[in-house]
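Please keep the structure open while reading.

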Amino acid sequence: MHDPDPADIAVIGAGIIGVACALQLARQGRKVLVIDQQAPGMGASYGNAGHLATEQVFPIADLSILKRLPAMLMDPMGPLRLDWKYLPRALPWFIRLLLNLRPANYQRTVTGIRALNEASLGAWQRLLASLQRTQLLREDGSLLVFERSDSRAAIDGLQRRMQAQNVPVDFWSGDAIREVAPQLSTQIQGGLFFPGTGHFLDPYQLVCELVEAAKASGVQFLKRQVLDARVEADGVTVSTDQGTFAARQVLIACGAHSAKLTAALTGKKVPLDTERGYHLMLPHEQQRLPFAVTSLERKFIMTPMAGGLRLAGTVEFAGLDRPPNMARAWQLHRLSRGLFLEDLSVEDATPWMGFRPSLPDSLPIIDRVCDGKVLLAFGHQHLGLTQAAVTAEMVGQLASVAPVCSGLPALAPYRLERF
């Protein structure tokens, strides 16, 4: 807990976004300090589904959420859960989400997500190659399966919508699926295969590899709680529970915890909420699947990793303070029953919960404000892992004296000023 050297840029947040950005900035010759109350990668980055989800170009919800609202409030084990005690705080966020589903807003969201996702795989390939760790990413594609005959229309409609957005997608019959994943059940009738996707073998190891590379590039890491921050004439002052530090610039990249600091620095109150996501890690099931498989009807994903099979994907709106309901993690195993010829083993299984930072238009904030003293990179909802590398490249451009995002997504959809 030594005092850090003076930094050019203080990065608040040591998740996958913050660490990737810190490494990018250090490689550009900047002196970088990363501050987080947890060890690097121990937040949402630790337990995500591991899916490089470049195919997910649509917002996190659609108008059917209105029909599902009673079930969200009443069913504690449903795939989309809203804690009724949290409803008064969540309601303004949900209203804004619905307003963003109007046609023009919806199309802006799709265009913004697609631009980031289309650049994400290439950015990860560059980053992993620079680390000589390309083996951490398997570019084997992913699969969305369906079991009921009445789901075929939804699958066909989704395929058409994705093709209209230039997402690579192929329809696979049930027999074609079982040729590559023979342990899946015969009740699976077919699905959509996405060849332009992949999965990470260990999301936490990925963060650790980035941390080691960042340290080798001179980045300092401090485990401290950030209490406040303010813009000064010559930079930014950051107050923590163990001291105050100054830097020429600050990057807010602390995920679901970013709203308070953003308000303190910019005066802007952003409508950031958290989707509490759960996973169940099955350590004895490494060989069940060749790539990530999502169930259309059951609404969860199964990703093969070095440490086993990870079941993930439920969403709960209950804020940052309520304790986790780990029964929701164990519910994922019950959802898996019937998808395989033999049920998955839960021996030595471990549950987990983390916070996905989500804005009501499903787009992150990636921006440079306060005369360049404040950089922002948060609100990536389910796509933080997917978009981390390209976000880091964009932040690297923003941190420059004369930022030019040549070859990267245009910044307009991600600006803070949209709120």
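I95 has its place in helix α4 (residues 87-99); helices (H or I, at least four residues) and strands (E, at least two) are DSSP runs, numbered from the N terminus. The model is predicted, and local features need pLDDT of at least 70, side-chain atom pairs count only at pLDDT 80 or more, while totals for chains, interfaces and linings use all residues. Residues are numbered from 1 along each chain as its sequence is written, and side-chain values use heavy atoms, with hydrogens and water left out.

With a relative accessible area of 44%, I95 is partly exposed. Buried means under 20% relative accessible area, exposed over 50%, and partly exposed in between (1.4 Å probe, protein chains only). Together with L91 and L99, I95 forms a nonpolar patch on the surface, with about 260 Å² of accessible area in total.

Helix α4 also takes part in the second largest pocket: α4 and α5 (103-131) are the elements that give two or more residues to its lining. The largest contribution is that of α5, with three residues. This pocket holds about 240 Å³ of space. It has 13 lining residues, of which N100, N105, R108, D361 and R418 are the closest to its centre.

D361 and R418 also form a salt bridge, with their closest N and O atoms 2.6 Å apart. A salt bridge is a side-chain nitrogen of Lys or Arg within 4 Å of a carboxyl oxygen of Asp or Glu. Because D361 lies in the loop between β18 (350-358) and β19 (365-369) and R418 in the segment after α11 (384-398), the pair ties together parts that are 57 residues apart in sequence. D361 is buried, at 7% relative accessible area, and R418 is partly exposed, at 26%.

The whole structure has 16 salt bridges. In one of them, the side chains of R276 and E316 meet at 2.9 Å, N to O. R276 is in strand β14 (residues 273-282) and E316 in strand β17 (residues 308-317), 40 residues apart, and both are buried. Another joins R248 and D8 at 4.0 Å, N to O. R248 is partly exposed, at 45%.

How many disulfides are there? The count is zero, where a disulfide is a pair of cysteine sulfur atoms within 2.5 Å. The closest cysteine sulfur to that of C208 is in C21, 17 Å away, so the distance is too far for a bond.

Notes. Patches are made of residues with over 30% relative accessible area and no salt bridge: like charges are joined within 9 Å, nonpolar side chains (Val, Leu, Ile, Met, Phe, Trp, Tyr) within 5 Å. Accessible areas come from the Shrake-Rupley method with a 1.4 Å probe; for residues, only the protein chains shown count as cover. On a 1 Å grid over the protein atoms alone, a cavity is a set of points where a 1.4 Å probe fits but cannot get out, and a pocket is an open set with protein on both sides within 12 Å along at least five of seven lines; lining residues have an atom within 4 Å of a point. Grid points are joined across faces, edges and corners, and a volume is the space filled by probe spheres set on the points.
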